[in-house]
Amino acid sequence: MSGYLVTIDRIACDGFGTCAQLLPERIILDEWGYPIIDPTPVHGTERHHAKRAVNTCPRLALTLQRVHELEPAKR
Amino acid sequence: MNPLWLATRATGEVSLVLFTIVTVMGIATTKGWASTRWPESVITLLHRNISLLSVVFLGVHIGTTVVDSYVPISWLDVVIPFQTSYRTLWVGLGTVAFDLMASVIVTSLLRRRIPPRLWKGIHWTAYAMWAVAVVHSLGVGTDKLLTRIVAGMMVGFVAAAVVARFMTPHRQDDPVVSVPTRMELRT
Amino acid sequence: MFGAPPAQLRTKRGHAGALVDEVDRSGLAGRGGGWFPTGRKMHAVVTAARTSRKDPFVVVNAMEGEPAASKDAVLAQHNPHLILDGAVLAAEAVGASVVHVAAHRGSRTLSILERAAEQRRSRGLDSVELRVVDAPGRYVASEESALAHFLGEGVALPMTVPPRVFESGVRRRPTLLSNAETYAHIALIARHGADWFREVGVSTAPGTTLISVSGAVGQPCVLEVPTGSSVRHILGLAGGTSGSVHGLVTGGYGGAWVAAGDVLDSPWSVDGLRPSGGVPGAGVLAVLPDDACGLAETARVVRWMAGQGAGQCGPCRFGLAAVATDMDMLAAGRFNATGLANLERRLGVIPGRGACRHPDGAVRFAGTALQVFADEVRSHLRGRCTASRRTSVLPVPASTVSLPVSRPGEEWR
């Protein structure tokens with residue numbers, strides 16, 4: 001089963017929080033506004049929401065990666 | 001009164017108002033001005049969607065201008081400024097604004113494929129684009145009172161937003177997050 | 001000093017020289033703290049050079065960013081040419097034509113290495129170019145991606161990884177970046193062979209290793225011991241502990257506190273120290289006397305670490321600052337159980353969420369302190385501290401900037 005992982009460039013991230021608003025199933029924010037990302041891959045309809053979250057980031061800090069390409073996921 | 005001419009003027013003013021809103025929303029996005037009812041994701045998406053709406057109205061504004069045979073403006077004049085015989089300067093400024101806007105939109109659509117610094121640099125010219133559009137509307141508009149009122153209001157909005165931009169602290173100096181997305185974590 | 005290096009031709013790009021296989025067989029692991037197999041790293045650089053069609057660089061990390069470490073400085077004082085021999089041999093083996101040697105601006109190590117490089121140049125010793133570079137003094141500047149970025153672009157900021165430095169380092173070229181001591185071992189392996197290297201130490205990470213022993217020991221010093229030597233043995237070589245001792249720092253300020261009782265018989269290696277929570281890291285073993293306050297020492301170190309970050313990533317920039325404040329209050333006896341629970345929650349949430357491992361290290365240092373000094377934590381929560389010592393033990397450099405800056409200024413270039 002193919003899945004997609006939400007991965008993040010920690011330097012580009014500026015803690016806007018749009019990702020957590022659009023993909024609360026995978027992303028919550030810490031007390032300083034920065035995302036904590038659940039490394040479980042997204043499947044099916046969730047992928048549409050994940051794509052939206054990734055594209056809405058004002059700093060384009062997020063990417064969606066196919067699972068089999070990856071090294072151990074970062075949070 | 002020629003309906004194309006009416007359409008040109010009307011869509012021109014509407015475009016200006018929409019681009020003003022886009023500019024202010026751009027500032028709001030980067031400063032993180034948000035609330036529970038207007039979270040950051042909504043502000044960002046509105047900024048992008050309204051900019052596309054502005055492009056549509058601008059398209060009609062330009063299309064009606066060119067198609068209107070009363071005024072000799074060609075398709076080439078849409079991208080190359082200061083070539084018209086009719087009100088060379090003011091129409092030319094409209095072309096300059098269009099060129100700037102086109103580069104902003106295109107680079108934003110291709111944002112993932114171009115160097116981040118290039119996107120950022122061109123995006124900053126959006127301020128210039130807006131200012132040039134305001135001046136264009138004042139110079140080329142035949143209904144002086146309307147254009148002046150609208151221009152005055154638009155300048156007021158953007159000026160207020162710019163002042164607020166520099167007066168409010170950088171987002172990261174005071175990390176505060178709108179309520180629905182912040183969650184207490186269990187250990 | 002050890003005679004002419006074994007004859008070796010510089011390899012063509014994409015082909016690993018014989019030395020790479022020898023280092024691979026030796027099982028040498030990086031001595032900068034990562035303990036990553038060096039042979040594997042060298043192979044990876046060669047492969048990356050082949051696939052990217054770019055000539056690789058070699059970088060010697062002689063920065064010694066850990067304040068409690070002095071092994072690289074001592075090694076450079078005693079035998080700078082061994083380091084440079086190793087780096088040049090490694091460069092020839094991976095097909096690099098330039099070796100950068102990075103040391104802290106204004107350090108004695110820097111001048112020693114500059115002089116040694118000049119000696120070699122004037123004799124035309126090396127077939128590769130040796131460039132000794134002074135790099136800024138921030139702790140995080142010795143992180144490998146920061147150092148590579150500094151050498152290429154002039155600013156010592158850690159970069160997002162992947163790609164790792166061996167694939168894309170200095171000027172986006174594959175870069176072999178290792179600790180100075182590692183290159184010294186490479187030189188010895190080139191002369192004496194992998195089997196010789198494997199004669200001592202543990203089989204998973206053989207050879208000898210340099211350890212900076214400091215604090216409440218008879219004779220603070222830098223020791224060369226086989227990997228796997230027991231902590232007891234190492235402390236004995238340093239004159240034994242003076243007085244009773246409870247907490248030891250292993251690895252560095254990004255390493256871990258361990259309780260002396262748990263670790264005395266543990267072998268000094270990644271696997272050997274793991275059960276007690278310790279790490280060999282950059283070869284640091286600092287002994288805290290019982291009359292010092294482990295929490296106060298930790299608070300000072302964590303506060304310094306918080307200010308040494310690059311400020312690029314929120315969880316590190318804000319997280320470490322918050323942890324530092326928490327530790328200050330705990331050390332001052334102005335903390336309650338809720339605060340402690342909050343601190344522990346923060347420690348759980350910060351690691352892994354920065355671009356580099358700087359916050360992970362600081363969090364580990366703080367977290368292990370809370371475990372090792374659990375009794376002290378309890379008394380501090382009641383507003384009491386049992387330590388009688390008034391002077392601090394762990395060296396913390398004075399810094400003019402206490403919080404991370406958001407824009408790289410002079411101290412980053």
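The model is a predicted one, and the two topics are taken in turn below. Chain C and chain A bury about 1400 Å² between them, while the second largest pocket has a volume of about 640 Å³.

**The contact between chain C and chain A**

- The contact draws on 23 residues from chain C and 13 residues from chain A, and 53% of the area buried between these chains lies on carbon and sulfur atoms.
- Within chain C, the residues that lose the most area to chain A are Thr160(C), Phe318(C) and Arg353(C), which together make up 36% of what that side buries.
- Between chain C and chain A there are 3 salt bridges, as well as 6 residue pairs in polar contact, counted where both residues have pLDDT 80 or more.
- Arg353(C) forms a salt bridge with Asp30(A), in which the closest N and O atoms are 2.5 Å apart.
- Helix H13 (314-331) and helix H14 (337-349) of chain C each give two or more residues to the side that touches chain A, and the largest share, 5 residues, comes from H13(C).
- Sorted by class, this side of chain C has 12 nonpolar, 7 polar and 4 charged residues.

**The second largest pocket**

- The lining of the second largest pocket consists of 34 residues, and those nearest its centre are Thr8(B), His61(B), Thr65(B), His136(B) and Val140(B).
- Several helices of chain B supply at least two residues each to this lining, including helix H2 (40-67) and helix H5 (116-140), whereas H1(B) gives the most, with 9 residues.
- By class, the lining residues divide into 18 nonpolar, 12 polar and 4 charged.

Definitions and conventions
Residues are numbered from 1 along each chain as its sequence is written. Chains are lettered from A and ligands numbered from 1 in the order in which they are written. This is a predicted model: local features need pLDDT of at least 70, side-chain atom pairs count only at pLDDT 80 or more; totals for chains, interfaces and linings use all residues. Side-chain values use heavy atoms; hydrogens and water are left out. Contact means heavy atoms within 4.5 Å. Buried area is the accessible area (1.4 Å probe) that two parts lose on being put together, summed over both. A salt bridge is a side-chain nitrogen of Lys or Arg within 4 Å of a carboxyl oxygen of Asp or Glu. A polar contact is a pair of N or O atoms within 3.5 Å; within protein, one must be able to donate a hydrogen and the other to accept it, and residues adjacent in sequence count only if both atoms are side-chain atoms. Helices (H or I, at least four residues) and strands (E, at least two) are DSSP runs, numbered from the N terminus. Ala, Val, Leu, Ile, Met, Phe, Trp, Tyr, Cys and Pro count as nonpolar, Asp, Glu, Lys and Arg as charged, and the others, Gly among them, as polar. On a 1 Å grid over the protein atoms alone, a cavity is a set of points where a 1.4 Å probe fits but cannot get out, and a pocket is an open set with protein on both sides within 12 Å along at least five of seven lines; lining residues have an atom within 4 Å of a point. Grid points are joined across faces, edges and corners, and a volume is the space filled by probe spheres set on the points.
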